[in-house]
Amino acid sequence: MSSINKIDVVGEYLREVDLRLSGLPLLQRHELLADLRAHIDTAREQGAYTDSEMIEVLQRLGSPEAIAAAAYWEAGPQPPRSQPAPPPPPSAPPSGSGGGVPVWLIVTLASVAAMLVLGALFGFLALARVGGAPAPATAVVDAPAVPDAPDVVPEPRPTE
Amino acid sequence: MTDVAQLATSLRRGTLEFCVLAMVEREDIYGTEIVRRLGEERSLATTEGTIYPLLSRLRRVGWLDSKWSESPAGPPRRYYSLTDGGRAALESFRTEWTSFRQTVDRLVGTGGA
């Protein structure tokens with residue numbers, strides 16, 4: 001829950017920065033966002049767990065306006081295009097998907113597992129009903145059917 | 001207040017980048033750490049996020065080099081190192097700064113005893 005809020009705060013912040021960088025060369029723009037993201041991730045890893053702690057981290061980073069202003073200042077009037085391209089940051093994007101296992105795969109596996117568990121539970125319930133059905137029927141007739149019921153009902157549970 | 005902030009900005013321009021170069025002179029440091037150390041220096045009055053564009057420029061002019069590196073437990077880190085060009089720039093700044101500072105101290109009367 002709180003982690004969802006945290007992502008929102010950070011996502012909103014990064015969006016605000018990005019909105020102000022449209023005049024920058026694409027590479028510099030992406031690079032700056034990757035740097036800010038890494039900064040925030042590091043802060044989170046080192047203990048900025050709550051929303052207020054994260055907001056403090058963002059405040060220290062500075063307002064989106066201030067960051068954008070610095071970015072334009074440092075970019076200079078017109079960056080030369082013919083410069084030898086620096087080693088591109090393809091190593092940056094993989095940071096997100098670098099874990100190896102795609103998110104969709106995890107989700108799929110999790111849902112399959114959940115269905116299997118649910119199926120097993122329903123199976124047991126059905127068995128319990130079938131097994132337990134006669135007992136209540138007799139129990140209604142003869143009141144002292146109590147010893148029967150415990151025999152029938154507890155059985156499926158231990159086997160699970 | 002605005003005048004003080006303006007003065008800090010003016011003094012910072014042209015000097016802060018050499019503080020960065022000196023920081024990575026002996027060891028490679030990752031971006032967030034550079035940004036934090038500078039942020040802790042009160043008199044520099046830097047806003048952390050504005051350091052990243054500076055690092056970007058220092059890399060573009062060839063004074064710094066950087067590489068992303070996986071950290072043992074956590075997000076990848078971008079480590080900065082000083083290039084030969086950066087080292088030369090830092091050395092010439094040191095010479096320049098010493099005489100610059102002495103002159104200003106003499107003219108402004110901040111030289112001390």
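This is a predicted model: local features need pLDDT of at least 70, side-chain atom pairs count only at pLDDT 80 or more; totals for chains, interfaces and linings use all residues.
Contact here means heavy atoms within 4.5 Å.

Let's start with chain B. Among its contacts between residues at least 6 apart in sequence, 50% join residues at least 24 apart. The secondary structure is five helices and three strands. Along the sequence the pattern reads α-α-β-α-α-β-β-α. Chain B has 113 residues, and 42% of them are buried.

Now chain A. It has nine helices and zero strands. So the order of elements from the N terminus is simply α-α-α-α-α-α-α-α-α, by the DSSP runs. Of its 160 residues, 24% count as buried. For contacts with a separation of 6 or more, residues 24 or more positions apart account for 67%.

On to helix packing. Take α2 of chain A, residues 26-45, and α3 of chain A, residues 51-61. Their axes come within 10 Å and cross at roughly 140 degrees. That makes α2(A) oblique to α3(A). Why oblique, and not roughly antiparallel? Antiparallel needs an angle over 145 degrees, and this crossing is at roughly 140 degrees. The crossing of α2(A) and α3(A) is right-handed. From α2(A), the contact uses Leu36(A), His39(A), Ile40(A), Ala43(A) and Arg44(A). From α3(A) come Met54(A), Val57(A), Leu58(A) and Leu61(A). By class, that contact has seven nonpolar residues, one polar and one charged.

Chain B has a helix pair to set beside it. The axes of α3(B) and α4(B) come within 10 Å and cross at roughly 120 degrees. Again the label is oblique. The crossing of α3(B) and α4(B) is right-handed. On the α3(B) side we have Gly31(B), Thr32(B), Ile34(B), Val35(B) and Leu38(B). On the α4(B) side, Ile51(B), Tyr52(B) and Leu55(B). These divide into six nonpolar, two polar and no charged.

Next, the core. Which residues have the most contacts inside the largest nonpolar core? They are Leu36(A), Val20(B), Leu21(B), Ile34(B), Leu55(B) and Leu64(B). That core has 41 residues. Look at Leu55(B). Leaving aside neighbours within four places in sequence, Leu55(B) is in contact with Val20(B), Gly31(B), Ile34(B), Leu64(B) and Tyr80(B).

First, Glu48(B). It sits in the loop between α3 (31-40) and α4 (51-60) of chain B. Is Glu48(B) buried or exposed? Buried, with a relative accessible area of 7%. The cut-off for buried is under 20%. Not counting residues up to four places away in sequence, Glu48(B) touches His39(A), Arg60(A), Leu61(A), Val35(B) and Arg36(B).

Second, Arg59(B), in helix α4 of chain B. Arg59(B) is buried too, with a relative accessible area of 14%. Beyond its neighbours within four places, Arg59(B) is in contact with Glu31(A), Leu64(B), Asp65(B), Ser66(B), Arg78(B) and Tyr80(B). Tyr80(B) was also on the list for Leu55(B). Last item: the C-alpha atoms of Arg59(B) and Gly86(B) are separated by 9.4 Å. Along the chain, these two are 27 residues apart.

Conventions. Residues are numbered from 1 along each chain as its sequence is written. Chains are lettered from A and ligands numbered from 1 in the order in which they are written. Side-chain values use heavy atoms; hydrogens and water are left out. Axes are lines fitted to C-alpha atoms, for helices over the stretch in contact, and angles run from 0 to 180 degrees between N-to-C directions. Helices (H or I, at least four residues) and strands (E, at least two) are DSSP runs, numbered from the N terminus. Angles under 35 degrees count as roughly parallel, over 145 as roughly antiparallel, 65 to 115 as roughly perpendicular and the rest as oblique. A crossing is left-handed if the near helix is turned anticlockwise from the far one by less than a right angle, and right-handed if clockwise. Ala, Val, Leu, Ile, Met, Phe, Trp, Tyr, Cys and Pro count as nonpolar, Asp, Glu, Lys and Arg as charged, and the others, Gly among them, as polar. A nonpolar core is a set of buried Ala, Val, Leu, Ile, Met, Phe, Trp, Tyr and Cys residues joined through side-chain atoms within 4.5 Å. Buried means under 20% relative accessible area, exposed over 50%, partly exposed in between (1.4 Å probe, protein chains only).
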